[in-house]
Structure formats: structure tokens, C-alpha cells
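Hi there,

Here is the structure I promised to pass on to you. Have a look at it first, and then read on for what I found in it.

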Amino acid sequence: MPNFEEDDFPSTPGKFKIERSHHLHHGFGRQFSRVFSSTSTMLIWVLFLIALTVSFLSFQTTVHTGRSYGYLSWADRKWEREVRVSAQIQRPHGMSVLVTGAAGFVGSHVALALKKRGDGVVGIDNFNDYYDPSLKQARKAMLKRHGIMVVEGDINDAKKLNKLFDVVVFTHVMHLAAQAGVRYAMENPHSYVHSNIAGLVTLLEVCKSANPQPSIVWASSSSVYGLNDQVPFSESDRTDQPASLYAATKKAGEEITHTYNHIYGLSITGLRFFTVYGPWGRPDMAYFSFTRNILQGKPITVYRGKDRVDLARDFTYIDDIVKGCLGSLDSSGKSTGSGGRKRGPAPYRIFNLGNTSPVTVPNLVGILEKHLKMKAKKHFVDMPGNGDVPFTHANISAAQNEFGYKPTTDLETGLKKFVRWYLSYYGYHGKYVN
Ligand SMILES: NC(=O)c1ccc[n+]([C@@H]2O[C@H](COP(=O)([O-])OP(=O)(O)OC[C@H]3O[C@@H](n4cnc5c(N)ncnc54)[C@H](O)[C@@H]3O)[C@@H](O)[C@H]2O)c1
């Protein structure tokens, strides 16, 4: 006998089975459908609540950062919290400063000095291996102990920079990230274009669009004076004869920052540093490598200029440079643009930061020998045409007039402090002892 249910739904076998079971278990079916409908209602409610929570959280993120990045993970929130704490201002009328190149020599000192006087500081550095990155990590760890966070990132990473500006309203940017060194430019020219040109433009683009715009103080270099032989060098002297690609990128930086000042109303101060030295210094610089070699009993190469004239540098102690950087930040004046548009003229300044008393390289070696109590094995060589200049000497009256810049550390005293630091950090035989 045919099953009547089969006659009713002959063409849909699946559905047929369900309906059949419905008819066969009538009482149970009604109960099941009641339970099922209440479960699905509950499920809808649960889904609704989840959706509500997610949209609330992402709304919070949007409100907080001013820009939506969707849902923030726990790690992202922790990162933002750390950035905010590091940027907290602890003194009346203090500033919040983004320090680029903060794991570098000058950057780490400036970041620490700002923090110590109560300013908020966040650093960024890409920890490249131009010189031993473990020294950069050690500087980062030192800054961390003082409550300063150094974010690992490249200044070409606009997304990361924008994120930092979303989390913190930076009043100032102290831009010290760069590919430094004169001779290395012949080996790796593109690293100079990457950091000193492309990176600078990326940073300026982010600053110009920030609301409010920060004031920018950045490191140019005494190397822009290039082949000038009239000393001391003044800011008004010609700077169109660079002797190295490094110098050319710094000169380009001065022109590029001028453009951003002119078009977008960014307050810009460029600082032409003269051979900075001191504790936590750069291993590629002569005073540093001389110290290492003297301690290890290795010969040092001392370059001599034309007609065997000794090279001389206006060596400037790091604490004096830091004072110059802070003075520049304090007197920088405001940017005038908003929403990427200029609203009025903004300051554009350039200052020499030097020591005003050049010392010859053989004299520098003599001071090191005295502090290290060891004799150097000097190897004199004619200076190759690799970008070095024979002589630097700063006229600092502009910085003196504008913010009272006055260097106070002579080379003898400064090198004593450097040697003390070097020995505590590396030990007598160049072994890390910290
Ligand atoms: N030390 C000097 O004698 C001297 C002289 C003249 C000018 N300057 C300038 O002063 C500034 C600081 O110099 P320093 O001696 O502290 O050098 P440094 O190499 O110790 O510091 C620069 C830091 O910037 C970082 N960096 C480089 N490119 C980067 C990038 N694309 N993104 C993020 N971080 C990047 C490096 O990792 C480094 O930690 C530089 O602009 C340099 O050109 C220094």
C-alpha cells in the first residue's frame, strides 16, 4: 500500500523525510518546534548583543583616535597605552615631543633631557645596522628605565607615523633620524636618499596634515659648508658646494623644509651640528674608533690635508648640543597651518651649533692618550677625496642671540667624560661589561 505521505511530496526526497517525521511524531514535534523557536530567538539575541559590543568597541576606538582602524587587539591597546604614558607632560606649559632617531647618539641624549625636565617624549627609530645595533638597543633600554618608549619603525612608514599622531597630540618634533657619516655614502648612497630625503618628506607630510601641526626642529649638519674655506662658518655663507653625498642630502633637507614652511606654515628650525662627541657616542666617528684601537694596541689612521696640514674640527660636547636642541624647541614658535593649509607665516630658522674652538686631530689623539694612559700607534695618511673637509669652525652668534646658546665643555673635559663612559660600557679590552 502506497504511503500517502509519499504521494503528497514525491519530488523532494529530503523535505519528504522531514515532513514524514513531523507527521509521525505529532506531539513531540510541536514541543520540539516550541523549543527550537525559543533557541533561535535566543541565538538571534546573542548575535545581536555581540554585534552591539563590537560596534561599541570600534566606536570607542574611533572616538579615541579620531581615525578608525577597526577593532583594536589587546596588544594594540597596550601599545597605545604605553605611547600615551611616555608622552605624558609632567610640568606646566611642557611639550610633547616625538623624537626621531631616539636610539641614536644625539637622539637618546635629547630624549632623556626632555623627559628629565618634565616633557612628554616618544621616540621612533629603525635600529638599522649602520653601526652595532646592540648599542642602539642599550640606549633604548636606558631610555625605558626613565619612562621613555622608543617605537621600532622607519620614518618612511607613514601609517606608523600617522598612528602615533592619532594617539598623541605632539606639540613638537625633534627630527634626528638620518643616515649619518660622510664616507659610508660611497658604499651605500641609497641609504642617504632613503632616510635623509624620502624619510624627511614622509615625516613632513604627516606633520603638515596633523591637527594641530607640531613645530619641527631637525638636524642639518656643518657639512653643508662643504668646500668653503672662509672661517668661522656663518649661517649666511654659501652652502652650494657640498663635498659629499651626505652633505648634499642635508643641504637638500634645508631646501625641502623651507618648502614645507612656505606652503604649509610649518615652523621649522634646522640645526647645523659641528662634530658632536661624548658618552653613548657613535662608533663610526674618529674619537670613538681611536679609543677602541688605542686600548686594543692597534694602529690608528690619522688623515692629513694638503701640504701635510693637520685636519681640525670644532668638536662639540653632547651636553652643549642638547642645550642647543632644547633652546631651539623652546623658542621655535608655532606652526600656523591647519588641515594641511597654511594660515599665516611661520618661523623658518637655521642655526650653527658648534663649540667655536677647533682642535687638530693629532691634539685630539694626545688628549685620548692622556686619559687612557696609553700611547697610540699613529699612522699618518694623506686625506683621500672621500667627502671629508679639512677644517670646521662655527660662528654661533645667531644661536647665542636667539636662545642664549653658550657651549661650556672643552675637548679635554668632554673626552675625559667619554673615556670614563667607554671604559664602563666596554671595559679595557673592548668587551661589553654592563
Ligand atoms: N654626531 C654628529 O657629529 C653629527 C654632526 C652633524 C649632524 N648630525 C646629525 O644629527 C643627527 C643625529 O646624529 P647621531 O650622531 O645621533 O647619529 P646616529 O646614527 O647615532 O642616530 C641616528 C638614528 O636614526 C636612526 N635612523 C636612521 N634612519 C632612520 C629611518 N629611516 N627611520 C628611523 N630611524 C632611522 C638610526 O638607527 C640611528 O639610531 C643626524 O641627523 C645626523 O645627520 C650629527
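Two residues are counted as in contact here if their C-beta atoms, placed from the backbone, lie within 7 Å. On that basis, among the contacts in the chain with a separation of 6 or more, 79% are between residues 24 or more positions apart. Please keep in mind that this is a predicted model.

First, the overall make-up. The chain has 434 residues, and 40% of them are buried. It holds 14 helices and 13 strands.

Next, the sheet I would start with. Seven strands form an open sheet in the order E3-E2-E1-E4-E5-E6-E11, and the pairing is parallel. Strand E3 (149-152) and strand E11 (348-353) are at the edges with a single partner strand each, so one side of each has no neighbour in the sheet. On average, neighbouring strands of this sheet are turned by 20 degrees against each other, direction ignored. At the E3 end, strand E2 (residues 120-125) pairs with E3 in the parallel sense over four bridges, and isoleucine 124 has valine 151 in E3 as its bridge partner. Helix H4 (residues 74-86) packs on the sheet there, touching E2 and E3, and its direction makes about 125 degrees with that of E2.

Strand E1 (residues 96-100) deserves a look of its own. Five of its five residues are buried, so the strand is largely enclosed by the rest of the structure. As a general point, side chains in a regular strand alternate between the two faces of the sheet. In E1 both faces are covered, with Ser96, Leu98 and Thr100 buried on one side and Val97 and Val99 buried on the other. E1 runs parallel to E2 and is joined to it by five bridges, with valine 97 opposite valine 121 in E2.

What is valine 97 in contact with, leaving aside its neighbours within four places in sequence? The list is Leu114, Asp119, Gly120, Val121, Phe170, His172, Met174 and Leu329.

In helix H7 (residues 158-167), Leu161, Lys163 and Phe165 are buried, and the buried residues of H7 pack against H8.

Finally, a contrast with E1. Is strand E13 (residues 377-382) largely enclosed or largely in the open? Of its six residues the number buried is zero, so E13 lies largely in the open. Strand E8 (residues 299-304) runs parallel to E13, and six bridges join the two. Within that pair, isoleucine 300 stands opposite lysine 378 in E13.

Happy to go through any of this with you.

Best wishes

Technical notes:
Residues numbered from 1 in each chain as written. Predicted model: local features only at pLDDT ≥ 70, side-chain atom pairs only at ≥ 80, totals over all residues. Pairing = 2+ DSSP bridges. Axes fitted to C-alpha atoms, helices over the stretch in contact; angles between N-to-C directions. Buried ≥ 20, exposed ≤ 12 C-beta atoms within 10 Å, placed from the backbone.
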